[in-house]
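My entries follow the order in which I looked things up.

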Amino acid sequence: MPISLTKESDVDVLIIGAGPAGLMCANALGRAGVNVRIIDQRSIQVAAGQADGIQSRTIEVLQSYGIADRLIEQAAQLHMAATLHQGGIEGIFLDSMRVCGVEVERAIVPTAIQVSEDISELQDPTAHPVRVVLKHLEAPSGHSDVEVVYAKFVVGADGAHSWVRKQFAIPMEGEQTVVGPAYTWGVVDIVPDTDFPDIRNRCAIHSHNGSYVDMLDPTTGRVDKSKMGAEQLMEVAQKSMHPYKISTSHEIHWWTLYIIAQRVAAKYSVHDRVFIAGDACHTHSPSAGQGMNASMNDTHNLAWKLAYVLRGWSSMLLLQTYESERRKYAQELIAFDKLFAKQFSTKSTSSAAEVSEDSVTHEQFLHTFKTFGGFTTGIGVHYSPSAIVNIAHQSYASKLTIGQRMPPHEFIRAADARPFELQDLLPSDARFKILVFAGNTTDKLQLDRVRVLSAELDKPDGFLRRFGQGTPEAIFDILCISSGTKEETRYLDVPAILRPHWSKVLLDDVDLHHKSRAGGGYESYGIDPAGAIVVVRPDGYVGAIAPFDHLGDINDYFATFMVTPTV
């Protein structure tokens, strides 16, 4: 009987596509200890060009993985943003992944994918219900170029023409904007020589001189891309920026043209076993600089949920929140993008009396730019109520928004009065952060309330012990933040369960030398003086808030998606 030369293997998560979305996912899962593979059809990584704008929220996310410093070092820094070509960004991920033992497997393409129809298998998180056939394009001589992989989960991060999406006939809903020069975008990556004074700011230039060049094929009436190149794009840029000058004395390594398409996939998953992310599930114009940022934040949202299910900490229900959160965001992004792209592509006029469907005033353009600032930076992304977003008790931290990211603020460490940025203490380590704003612990009555809370937290039916899998510190990271002063607060007075390490007690007070922005945190977050519990999800978003006497609501929050270990 002949022996099959086809290699077979199994894996927890197979990622198809090693662009920013796929690399973010692989890096996050690798750091979480998940058995993950990532493949890409390209023999080498992107060297230059493609996406390059990094928005504020994405920088925060990269910082939470400990890789933002290299980005800041290499990137061109702008006000509220940074730019680094996609090859540089991919390089940062590749080096981070390598530390976790994860490498991109290149020159490999999927040729077939099948998901089991067995309900019991689909509902079993330990099963491998996805069969993927891979073709190794550079297989050594004498070795089979075919491999069959059995995966628990597959993530398709394979771009706008996603093979994964097409295999499951997932339609893209939306429209391709009217074809024509006005809606054809040219992008060129350069090191600029310019006298434009705001070159280091994030700018959108709406010029009276226009940004149009004739690219129409007279026989078809469609855009003829052969009429355009890097030199022509630079001519358009110079015309648009007049009277300022822009050119480059460096070689232009990358440029492209593309027609705006504003579409969202009809669904983001197949049986919660195969997921699509990034450009595979949403496409839009470059006007707001969201493409790569949205893509990376898709898989930042998905990775921790996969890790929780794979570890047996959460039910499969948790995975449904990926589509509900990220697809809604993509729909909002497309709605905004349609408005912004249209304003970019229409004629600028200085008079409100001259405004028509084909023109826009500078004031209208600026209003849109400012109104959606929180959205374009990613700071204002807001997830709706769900199993992991419980909006009860919002008033106990009135200036935090449940469903949005935990905003930054500096506090001082109680043990040594050193200032720390709170976001730096909330790393993306696949743990929920339980922030106990304990009130003024130098007040005896308040300290008594904190001790009562601590006793409740330590009960067998409390979330720490009920869902802690025997090692609650692996799932829940507790920080206690007192409003007492550094002169009067004794951090050892805080109950032990709220200070698992001496560094975990913070104070809302100024530092010794008044050189930081510490202090005023309770006011900045709108924390009730009597205290509050704030649950921050592993992806940095506020999931729930509760006063001390409603700890049961926090227990119920986790009970909706966490799994009690079997004896």
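**Entry 1: A294.** I counted two residues as in contact when heavy atoms of each lie within 4.5 Å. The model is predicted, so I kept local features to pLDDT of at least 70. With that cut-off I looked up A294 and left out its neighbours within four places in sequence. A294 is in contact with H282, R326, Y329 and L333. I then placed A294 in helix 8, which covers residues 291-310. Is A294 buried or exposed? Its relative accessible area is 1%, and buried means under 20%, so A294 is buried. I also checked A277. It sits 17 residues from A294 in sequence, and the two C-alpha atoms are 9.2 Å apart.

**Entry 2: R326 and D298.** Where do the two partners lie? R326 is in helix 9 and D298 is in helix 8. They are 28 residues apart, and the pair links distant parts of the chain. I noted that both R326 and D298 are buried. I also noted a network here: salt bridges with shared partners join D429, R431, K433, D477 and K504.

**Entry 3: S314.** I moved on to the loop between helix 8 and helix 9 (320-345), where S314 lies. S314 has 4% relative accessibility and counts as buried. Which residues does S314 touch, beyond those up to four places away in sequence? I found Y308, V309, F561, M562 and V563. For F561 I looked at the polar atoms too. The backbone oxygen of F561 lies 2.8 Å from a polar atom of the S314 side chain.

**Entry 4: the core.** I looked up the largest nonpolar core and found 142 residues in it. Which members touch the most other members? They are M406 and F558. Helix 8 gives the most to this core, with 11 residues. I listed the contacts of F558, again skipping residues up to four places away in sequence. F558 touches F432, I434, F463, F467, F476 and V535. As background, nonpolar side chains in soluble globular proteins tend to be buried together.

**Entry 5: other salt bridges.** How many salt bridges does the structure hold? I got 29. One of them joins R42 and E90, with the closest N and O atoms 3.8 Å apart. R42 is in the loop between strand 2 (36-40) and strand 3 (53-55), and E90 is in helix 4 (residues 86-99). The two are 48 residues apart, and this pair also links distant parts of the chain. R42 is partly exposed, with a relative accessible area of 23%, whereas E90 is buried at 0%. I then looked at R98 and E103, whose side chains meet in a salt bridge at 3.1 Å, N to O. R98 is partly exposed at 40% relative accessibility. E103 is partly exposed at 42%.

**Entry 6: helix 4.** Among the buried ones are Q86, I89, E90, F93 and M97. At 1.5 Å a residue, helix 4 should span 20 Å, and its end C-alpha atoms are 21 Å apart, which agrees. G101 follows helix 4 and has a positive phi, near 80 degrees.

**Entry 7: helix 2.** Helix 2 (residues 56-64) is mostly covered, with eight of its nine residues buried. I wrote them down: S56, R57, T58, I59, E60, V61, L62 and S64. Just after helix 2, G66 takes a positive phi of about 80 degrees.

**Entry 8: the whole protein.** I finished with totals. The protein has 15 helices and 27 strands. Buried residues make up 51% of its 567 residues. I took contacts between residues at least 6 apart in sequence, and 72% of these join residues at least 24 apart. The accessible surface comes to about 25300 Å², and 52% of it belongs to carbon and sulfur atoms.

How values were computed
Residues numbered from 1 in each chain as written. Heavy atoms only, no water. Helix = DSSP H or I, 4+ residues; strand = E, 2+ residues; numbered from the N terminus. Buried < 20%, exposed > 50% of the residue type's maximum accessible area, 1.4 Å probe, protein only. Polar contact = N/O pair within 3.5 Å; in protein donor to acceptor, adjacent residues only side chain to side chain. Core = buried A, V, L, I, M, F, W, Y, C linked by side-chain atoms within 4.5 Å. Salt bridge = Lys/Arg side-chain N within 4 Å of Asp/Glu carboxyl O. Areas by Shrake-Rupley, 256 points an atom, 1.4 Å probe, with all protein chains shown as cover. Expected span 1.5 Å × (residues − 1).
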